[in-house]
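Hi everyone, thanks for coming. Let me put the structure up on the screen, and then we can walk through it together.

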Amino acid sequence: MISVAEALDKIFALCSPLELETVPLRHAHGRVLAEDAVAKRDQPPFASSAMDGYGVLDLDVPVGAQFTVVGESAAGHGFDGTLSKGCAIRIFTGAPVPEGVTRVIIQEDVTREGDVITVTETLSENTNIRPLGGDFRVGDRVTAPRRLSAQDVALLAAMNIPEVRVSRRPVVALIATGDELVMPGETPGPSQIIASNSFGLAAMIEEAGGIARMLPIAPDNETALRATFELAQGADAIVSIGGASVGDHDLVGKVAADMGLDRAFYKVAMRPGKPLMAGRLNGALMIGLPGNPVSSLVTAKLFLIPALCAMQGLPAAPAPHHKAPLLQDISSNGPRAHYMRARLETGGIRPFERQDSSLMSILSSANVLLVRPPLDPARICGEIVTYIAL
Ligand SMILES: Nc1nc2c(c(=O)[nH]1)N[C@H]1C(S)=C(S)[C@@H](COP(=O)(O)OP(=O)(O)OC[C@H]3O[C@@H](n4cnc5c(N)ncnc54)[C@H](O)[C@@H]3O)O[C@H]1N2
Ligand code: MOO
């Protein structure tokens with residue numbers, strides 16, 4: 001059995017970067033930017049007012065000072081005239097600050113009678129003027145690679161960048177295997193259950209920028225399994241679920257090998273997820289996930305999702321690990337790394353009592369995986385431990 005880190009490295013070695021494509025900004029959210037995007041304008045494109053008030057030429061304005069209002073500058077409609085000493089311009093938030101104006105007095109600090117304003121408060125240090133280019137300048141860059149957040153998309157829009165170069169979305173074929181499985185909404189027979197893993201996996205894949213292609217459930221016979229694998233042709237990654245262990249009906253390894261799988265490894269020193277398998281199948285990354293629901297989602301989190309990120313041009317890196325104090329004692333760990341379902345609460349992390357890899361209700365209640373290295377000694381409340389956010 002190999003370690004989690006070795007298995008992940010072997011999976012990264014099976015990942016090739018995907019081609020690039022150009023997408024309109026409206027479809028860029030969640031995509032991985034492949035080339036730096038360069039600002040086409042300054043923001044703000046002119047010195048602009050940060051407040052609603054009155055623009056004046058003077059910096060030092062004592063209480064009692066008076067100005068005559070001679071015009072207006074509103075957002076979208078600047079003031080074309082020139083301002084002289086003793087005059088003020090009515091100005092609104094976001095409006096261009098006229099030439100020579102050095103301060104905007106907020107309207108709360110003055111009284112107005114007709115066209116004359118009188119300063120009634122001691123003014124703050126803040127001139128309430130945003131300088132030209134104070135946010136970004138022409139030529140400033142949004143650097144690649146990065147997964148574009150909502151904030152990034154807003155910044156790109158402000159930079160007047162209508163489309164971006166991104167990595168193609170990886171297509172992932174999902175193959176659930178097992179005679180016991182029926183789809184949600186169907187009526188299961190007496191020995192049957194509902195196929196759930198593929199739904200969780202599809203959601204994770206889509207969150208990571210991939211396209212999940214859910215293939216029909218493959219029954220436990222070689223012919224049907226082979227036919228389903230054929231349907232996966234053209235996918236960038238083929239992910240099977242279940243049939244990975246040592247039982248008489250666990251056929252994935254055999255069928256994939258018959259179809260030409262170049263296996264990189266089988267079995268990883270971890271729980272859940274020991275019977276994980278990976279390799280290359282007809283040019284695609286193939287990952288055989290264990291069938292137990294928690295095992296399949298945990299191994300997807302640790303291996304499939306980092307692989308999809310790497311294919312999209314992000315650095316080949318494990319899921320981010322964080323630190324938090326334990327809120328209760330835990331006993332020593334065995335020889336396999338343990339990814340315990342746990343809750344991160346105010347003040348620390350608390351693992352669930354029940355850790356069986358079939359318990360979807362526990363996984364759904366968990367918000368982190370508490371990472372126990374192989375042979376980790378017993379830990380007491382307050383010790384700092386490592387976790388992965390779910
Ligand atoms: N003698 C041994 N038995 C088992 C071992 C072992 O080392 N020796 N390993 C156990 C571990 S650990 C795991 S994990 C499982 C993995 O087995 P498989 O990958 O072959 O999975 P299946 O047997 O097909 O299914 C296991 C379990 O999960 C349910 N399942 C499968 N697919 C789905 C799905 N898409 N949605 C929901 N549930 C699914 C299936 O009905 C079984 O209950 O093997 C242990 N056994
Ligand atoms: O390795 Mo299994 O995934 O613990 O249930």
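What you are looking at is a predicted model, and in it the peptide bond from Gln43 to Pro44 comes out cis, with omega near -10°. There is another cis bond to point out, joining Ala144 and Pro145, where omega is about -5°. Pro145 is also in a loop, this one between strand E12 (141-142) and strand E13 (146-147). I mention these because most peptide bonds are trans.

How confident is the predictor? The chain has a mean pLDDT of 96, and 100% of its residues reach 70 or more. For the complex, the ipTM is 0.96 and the pTM is 0.93.

Now for the overall layout.

Please find the open sheet of six strands, which run in the order E8-E5-E7-E6-E10-E9 with mixed pairing. Which strands stand at the edges? They are E8 (103-106) and E9 (110-113); each has a single partner strand, so one side of each is left without a neighbour in the sheet. From one strand to the next, the twist averages 40°. At the E8 end, strand E5 (residues 53-56) pairs with E8 in the antiparallel sense, over four bridges. You can see Tyr54 standing opposite Ile105 of E8 there.

While we are here, have a look at Phe79, in the loop between strand E6 (66-73) and strand E7 (87-91). Is Phe79 buried or exposed? The cut-off for buried is 20 or more other C-beta atoms within 10 Å, and Phe79 has 21, so it is buried. Leaving aside residues up to four places away in sequence, Phe79 touches Gly71, Glu72, Ser73, Ile89 and Pro98. The contact with Pro98 spans 19 residues in sequence, with the two C-alpha atoms 6.3 Å apart.

Over to the other end of our tour. UniProt, in an unreviewed entry, places the feature "domain: MoaB/Mog" at residues 173-310. That stretch is 33% helix and 25% strand, and its end C-alpha atoms are 17 Å apart.

Five of its five residues are buried, so E19 is largely enclosed by the rest of the structure. In a regular strand the side chains alternate between the two faces of the sheet. In E19, Ala237, Val239 and Ile241 point one way, Ile238 and Ser240 point the other way, and all are buried. Who are its partners? Strand E15 (residues 171-176) pairs with E19 in the parallel sense over five bridges, and Ala173 stands opposite Ile238. Strand E23 (residues 284-289) also runs parallel to E19, joined to it by five bridges; there, Leu289 is the bridge partner of Ile241.

Two backbone details deserve a quick mention. Most residues other than glycine have a negative phi. Lys267, however, has a positive phi of about 85°, in the loop between strand E20 (262-266) and strand E21 (270-271). Asn282 also has a positive phi, near 50°, and is found in the loop between strand E22 (277-281) and E23. Lys267 is partly exposed, with 15 other C-beta atoms within 10 Å, and Asn282 is partly exposed with 15 as well.

Last stop: His321, in the loop between helix H6 (293-311) and strand E24 (322-325). Exposed means 12 or fewer neighbours, and His321 has 11 C-beta neighbours inside 10 Å, so it counts as exposed. Beyond residues up to four places away in sequence, His321 touches Val371, Thr386 and Ile388. Gly247, by contrast, is 74 residues from His321 in sequence and 34 Å away, C-alpha to C-alpha.

That's my tour, and I'm happy to take questions.

Conventions. Residues numbered from 1 in each chain as written. Chains lettered and ligands numbered in written order. Predicted model: local features only at pLDDT ≥ 70, side-chain atom pairs only at ≥ 80, totals over all residues. Pairing = 2+ DSSP bridges. Helix = DSSP H or I, 4+ residues; strand = E, 2+ residues; numbered from the N terminus. Axes fitted to C-alpha atoms, helices over the stretch in contact; angles between N-to-C directions. Contact = placed C-beta atoms within 7 Å. pLDDT = per-residue confidence, 0-100. UniProt positions renumbered as here; feature names shortened; annotations may be inferred.
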